[in-house]
Amino acid sequence: MIPLLKERRTIRQYLDKDIDNRLLNDLLETAFRAPTTGNMQVYSVVVTRDPANKEKLAPAHFNQPSVTQAPVVLTFCADFNRFNKWCEQNRAQPGYANFQSFVTAAIDALLVAQQFCTAAEVSGLGCCYLGTTTYNAPQIAEALQLPKFVIPITTLTVGYPANTPAQVDRLPLEAIVHQEQYRDYTPDTIARLYAEKESLPENKKFVAENNKETLAQVFTDIRYTRENNELFSKIFLDFIIKQGFCMPY
């Protein structure tokens, strides 16, 4: 398993081959064995197979081709709707319309998503996470008819790989692991830890194509700008509140 997991890569192009429903359900059941806070399972998964429904989702994901090309699109949601209703039907007063509960449900949803991804890849499928889910949560919620207390957290496109893309780079172990206590980074350490990443031909190409001086500027000025982060933060926070979760200010 460890060598297999070390070789994992994101798959964005898929064969024109459907996923058997029995396999999909088996993978979902496997995913639902992931850890969950208090065994509440405050998450839901919306399975999208119908081409017309995938077309409805595509604009919210900036029309990434994998949304319409993948045989299956899975939207993993933080979901206190079901648990709240269970409590109310059993003479228990739920107190989950708050920030802590939203975070709990979001973590649960992500744990399930990653366990599904691992199980799917072990089974010969390929997956791609779509980070756009939280950017355009209101549109996704409308397309999927999500009720109050249900928030889309992440999306996976799933299918049989059409190719084997190269793995993307990762920082070295020492960049991420802190023994016993967090040790902050000096300028020299930062330069050393990012040196290999910055020297890769594909990353140098990003810098040149975007007319930037450094790879860091590609991230701050092009890919994940302050303006976009602030815009999508407001959209997502407003939507979370609209769905019933009170956020502290």
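## Reading a predicted fold, one feature at a time

Q: Is Pro51 buried or exposed?

A: Pro51 is exposed, with a relative accessible area of 56%; the scale calls a residue buried under 20% relative accessible area, exposed over 50% and partly exposed in between, using a 1.4 Å probe and protein chains only. Pro51 belongs to helix H3 (residues 51–57), where helices (H or I, at least four residues) and strands (E, at least two) are DSSP runs numbered from the N terminus. This is a predicted model, in which local features need pLDDT of at least 70 and side-chain atom pairs count only at pLDDT 80 or more, whereas totals for chains, interfaces and linings use all residues. Residues are numbered from 1 along each chain as its sequence is written, and side-chain values use heavy atoms, with hydrogens and water left out.

Q: How many helices and strands does the protein chain have?

A: The protein chain has 12 helices and 4 strands, and its C-alpha atoms fill a box of roughly 60 × 45 × 35 Å along the principal axes. Of its 249 residues, 37% are buried.

Q: Which residues of helix H5 are buried, and where do they lie around the helix?

A: One looks down the helix axis and takes the arc of the directions from that axis to the C-beta atoms. In helix H5 (residues 81–89), the buried residues are Asn81, Phe83, Asn84 and Cys87; seen down the axis of H5, they fall within an arc of 165°, so they line one face of the helix. The face of H5 turned away from that buried side carries the exposed residues Trp86 and Gln89, while the cover over the buried residues of H5 includes strand S2 (72–79) and strand S4 (150–159).

Q: Which residues have the most contacts inside the largest nonpolar core?

A: A nonpolar core is a set of buried Ala, Val, Leu, Ile, Met, Phe, Trp, Tyr and Cys residues joined through side-chain atoms within 4.5 Å. The largest one here has 55 residues, and those with the most contacts inside it are Phe102, Phe116, Ile151, Ile153, Val158 and Phe245. Among the elements that give two or more residues to this core are H5, helix H6 (99–122) and S4, and the largest share, 10 residues, comes from H6. Contact means heavy atoms within 4.5 Å; leaving aside its neighbours within four places in sequence, Phe102 is in contact with Ile151, Ile153, Phe236, Ile240, Phe245 and Met247.

Q: At what angle do helices H7 and H12 pack?

A: Axes are lines fitted to C-alpha atoms, for helices over the stretch in contact, and angles run from 0 to 180 degrees between N-to-C directions. Helix H7 (residues 137–144) and helix H12 (residues 226–242) pack at about 45°, with their axes 9 Å apart. That makes H7 oblique to H12, since angles under 35 degrees count as roughly parallel, over 145 as roughly antiparallel, 65 to 115 as roughly perpendicular and the rest as oblique. Ala137, Pro138 and Ala141 of H7 make the contact with Ile235, Phe236 and Phe239 of H12.

Q: What is the phi of Arg91, and what is that of Phe149?

A: Most residues other than glycine have a negative phi. Arg91, in the loop between H5 and H6, has a positive phi near 55° and is exposed, with a relative accessible area of 80%. Phe149, in the loop between H7 and S4, has a positive phi of about 70°, but Phe149 is buried, with a relative accessible area of 16%.
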